Every structure is written in structure tokens, then in C-alpha cells.
Amino acid sequence: MKALTRIGFWLLVIAIGLFAIFPFYYAIISSFRSGAELFSVAYLPERLSLSNYVAVFDRQPFGRNILNSIMVAGSVVAVSLGLGITAAYAFGRIAFRGRALLLMTILAVSMFPQVAVLSGMFELIRSFGLYNTLPGLILANLMLTLPFTIWVLTTFMRELPKEIEEAAFVDGATPWIVVRRVFLPLMAPAAVTTGLLAFIVSWNEFLFALTFTLTNERRTVPPAIALMTGSTAYELPWGTIMAASVIVTLPIIALVLVFQRKIVAGLTAGAVKG
Amino acid sequence: MSGAVAQTGVPVQSHVQGRRSSLTRSRIRAAWLFIAPSLIILALIAGWPLARTIWFSFTDADLNSLSDYEFIGFENYLANYDGEWLGLLTDPDWWHSVWNTVWFTLVSVSIETVLGIIVALILNAAFPGRGIMRAIILIPWAIPTVVSARMWNWMLHDQFGVINDMLLRLGLIAAPITWTANPDTALWTVVMVDVWKTTPFMALLILAALQMLPSDIYEAAKVDGVHPVRVFFRVTLPLIKPALLVAIIFRALDALRVFDLIYVLTSNAKDTASMSVYARQQLVDFQEVGLGSAASTLIFLIIALLTVMTLAAGRVRLGEDPR
């Protein structure tokens, strides 16, 4: 009976592991196969042909798309963290009237369905002359990352002991110096976690990127991959699509595996975004 | 999240608070200075667009000439022309998308909850390779939604897909299935991919709750010889219920906004459209900003209502929680 439970347990573990990993494994295998090879199903890698990887960059500005994504996500993370840390200091360490209400409002913004602001955001971006530009996307994505950045950083900020800043204030430091010299170094681990989550959210963002860009050169990776087609109607584009998918997913998976514990801590501490 | 809510309710106690020194006043001034940039940006990129969207829903605006519109009242929602009812609320496609979204939310979140609990229980047990397993289940969560939708698109390809191939080899189906094009299977396909992608998130939140449970209860139960299944339903489940509810609510609110997955997986088809897909289609593809904004506004109201109800319920529960 005991042995049977053990076998059952391990079968379950293996089944979950396979279910989790198989799609990515299959994408990698498919990305190494091209042309007529894709008309048959292969479960094991046969050979390493890089033609799809070359074709992705050859047939469309995919390098440009990746660069766009990095620039948008990088800027979004920088702005979110910069604004987030100062705001979190105020929310987490200073008692002032209306604080709870403001925090609640900010939390409410992170519940906004993206589509609810779509036409207003479209008008805003167009009136700033930012339609089909990267700054337009950065501005739009801040709506998704800034609220939870403030929220999670505030939670972390609260957990730091009070004595730290009091010593600094006694020595005559201004709040700004306290934030910069005392809290910034202490918040570094929390900032890494939050920054990573913000990066992933922005890197994966699709609806704004699809709606606020027009030309292939300005697209970020998600719409570029979503709109990718074959060079002819008769060709199966899946080899190149899988190659593109693998390219943009590998760095994210690497990040997640390296920072696994931090990400889980960030998700469970603030748990605002899936 | 509820923990964070509890903490916001508690003002930071400072033992210098008694004397309202100039230091305190300057700190409060600094606080407002520090949050001002964030508030201004959020008002600009969230508050203002939301207000404009709601305003547009009462106009006949068109995407090509956004500045040239007229106020038409509730006509985008419901209008009567010569005894014939028109508007969003009479559009069967809108109601179909509402039904799709609700169905998707109920089914996918239920499955994810059950699977999430199972995965969390497994990860909570001590076994060799637990760390690797935890890393592996994070992979589906880390893959961008658009990418996972396309991966599954390929795996579910009607002629050359690996899923049909597997099922044919196992003798479970007699002929290949057109998974994403057939209205009968398309939504189930969406559910399956969503389950694959978001169960890890559920499992991790539940696992965090499991790891906070005191181990002495389980030792006591073991000594008394209580069956593990009984222990789960009588001890574990009631104890993790608050965390579980928070996870379920977050997932449900997220599922109600679903866009990427359905848009990419089922190629923007009418049969499987969610509310968000419907709204964007009106707005961008048909350029009907008024009608699209009306749909957006209704989605916002539905989600806002559910959020407020959730937060209110959270408050009530937190009142009993001596945290």
C-alpha cells in the first residue's frame, strides 16, 4: 500500500512536470525543423538546423522588435522604480492624512481592465503626437506597472525597522537624503523583485502594443509574434514563429529561474498581478 | 494582498508623534512632494483616459475623427428608432461575448483552483527534486501569453499538430479535431491553455499559505491516526481558506479581462470573443469609438463592482483578524 502511494505520487509529479514543460520543449524542437519537415510530427530532436532563426531576423525587423521591447520595458521599469520608491517611502514611513484612501485608489487603478481606458488612452497618445512611437507605449504601460510597484514597495518599506531613519533624522538629514542614502540601499532586494515583475508585465504587454503601433518597425515583440505569417500562403510559418518564441522566452525563463525565490516573495507579498 | 490591506489600515505609530514638531510637519510636506509625481502620472494615464472613455460612450465619435463628435446620450447602450430597439444592449454578439467571458472565468478558475491545490500540496511535501519541480512549474507562468498562445496554436494545428497526433496514436480520437476553429472545442481550448499558464501562479500562492501552517497540528493528527484526506478537508482547507479566496478573486478579476489569449488563439473569431475582444473590435476594427467605449464602460463597471464587493468583504473579514 505504501509503495503504491509512493508510485502514485511520483507518477503525479512526473505528469505535472511533463505538462508544464512539454509545450516549450516542443517549440524548441519545432524551431529546428523547417520546410516539409514540419508536415510530420517529431517527438525527439533530429538535427539542429538554424535556418528558422536566420529567417526570423531576415524576413522582418525582428531584431528591431526585440530592441523596442527592451527599450520600452527598461524605461517602464526605471520610471516605475524611481517614482515607486519615493512614493513608497511616503506611504510606508510617514503618517499623513488621506494616506489609506490614496493607497486604496492606487490599488484600484491596478484593477482597471486595460480595455476600459483604451479609447481615452488612444486620444491622449494621439494628442501628444506619440501614436506609433515607443514613448507612447512607455506611457501606456506605466498604468499597468506603477500601481503595483508602489503597492509592493510600500509593503516592503513597512517591514524595515524604525530606528534606521530616526538616527538619520537626529543627525539632521532631510527626507530626500534619507530616501537616497538610507532606504535606497536597503530597498535594493525589494526593488530587484518589483523591477523584475514590472519588466515581465511590460515585456508581455499585448493590447496597448497592438493598438498604439501601426508599422512593423515600431512593434514590440508580442504583437510582432502574434501577427507573424509565412512568406507565402502555402508555407507553414510555424518553424519561424517557434524560433521567434524561443528567442524571446529564453531570457525571461533564465531570469525567472535565477530570481525564483525573489519573484515568489514579490508575488506573495503584494500579489497584485498574475 | 489582504495582509497588505490590513497593514494600510494601521497608521504608522511614531513615538515622537505627541509633540507636533517642525520635523513632523516637514516630513508630511515631503510625503506629499514624494507622492505627487506618481499621483499626477496616474491621473494622466489612468484617471483621465477612463473619464474620456466613459464620456465617449455617450457620443457618436469615430476613430478617424476623434475630435469631431456629438453627444447622443444613451443611444450607444440602448436606443429606440421607430419601435425598433438598437444599441449595445440589444446586440447578440455583445451578450455572447459576456457569456463567453463568464463561462471562461468560472470554468478556468475552478479548474485552476483544484489543480493549484494539488500542485501546492505536492510541492509542500518533502521529496528529492522539489526545488527543480518548483522551478519547472514557473516556466509556463514566465512565458509571454502571446507566445504561449502561439505555441499551443501550433501544437493544436488540425493537420500537423502534435496533440491530434498523440490522441490518434493513443486511439482516443478517430479523426483529427479542428481545436481552435470549431466553436464546440474552441473555448475549451482557451480554458486548457489558460489552465496550463496560470495554475503555477495559483499553486505558488497556495503553497505560500501552506508553508505558514503550524506543523504540530499535523503531528497531532498523525498520532491520532486521522486519515490524510480527512486531515486535508478538516484542517488544511479551512486554514488556507482566506489565502485561497484571495488567490481565486485575483484570478477571477484577471480572467474577466481576458484578451491576449483569446485574440491570438482563436484568431479574433466572433464565436469565442470575450468582452475585451468585443470592445476592441468595435473600437479599432469597426472604428466605432462610441459603441466600443460603451462596451468598455460596462466592462469597467462590472469589474469595479466586483472589486468593491471583494474589498468590502475583505474589510469585514479583516475585522475579525487580530493582525
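## Chain B: elements and extent

Helices (H or I, at least four residues) and strands (E, at least two) are DSSP runs, numbered from the N terminus. In this predicted model, local features need pLDDT of at least 70, side-chain atom pairs count only at pLDDT 80 or more, and totals for chains, interfaces and linings use all residues. Residues are numbered from 1 along each chain as its sequence is written, with chains lettered from A and ligands numbered from 1 in the order in which they are written.

Chain B has 12 helices and 2 strands. Their order from the N terminus is α-α-β-β-α-α-α-α-α-α-α-α-α-α. The radius of gyration of chain B, over C-alpha atoms, is 25 Å, well over the 20 Å that the globule rule (2.2 Å times the number of residues to the power 0.38) gives for 323 residues, so chain B is more spread out than a compact globule. Along the principal axes, its C-alpha atoms fill a box of roughly 80 × 75 × 35 Å.

## Helices α3 and α9 of chain B

Helix α3 (residues 92–124) of chain B packs on helix α9 (residues 228–256) of chain B at about 145°. Their axes lie 9 Å apart. Axes are lines fitted to C-alpha atoms over the stretch in contact, and angles run from 0 to 180 degrees between N-to-C directions.

## Chain A against chain B

Two residues are in contact if their C-beta atoms, placed from the backbone, lie within 7 Å. By that criterion, 81 residues of chain A contact 80 residues of chain B. Helix α1 (residues 2–31) of chain A gives the most to chain A's side, with 12 residues.
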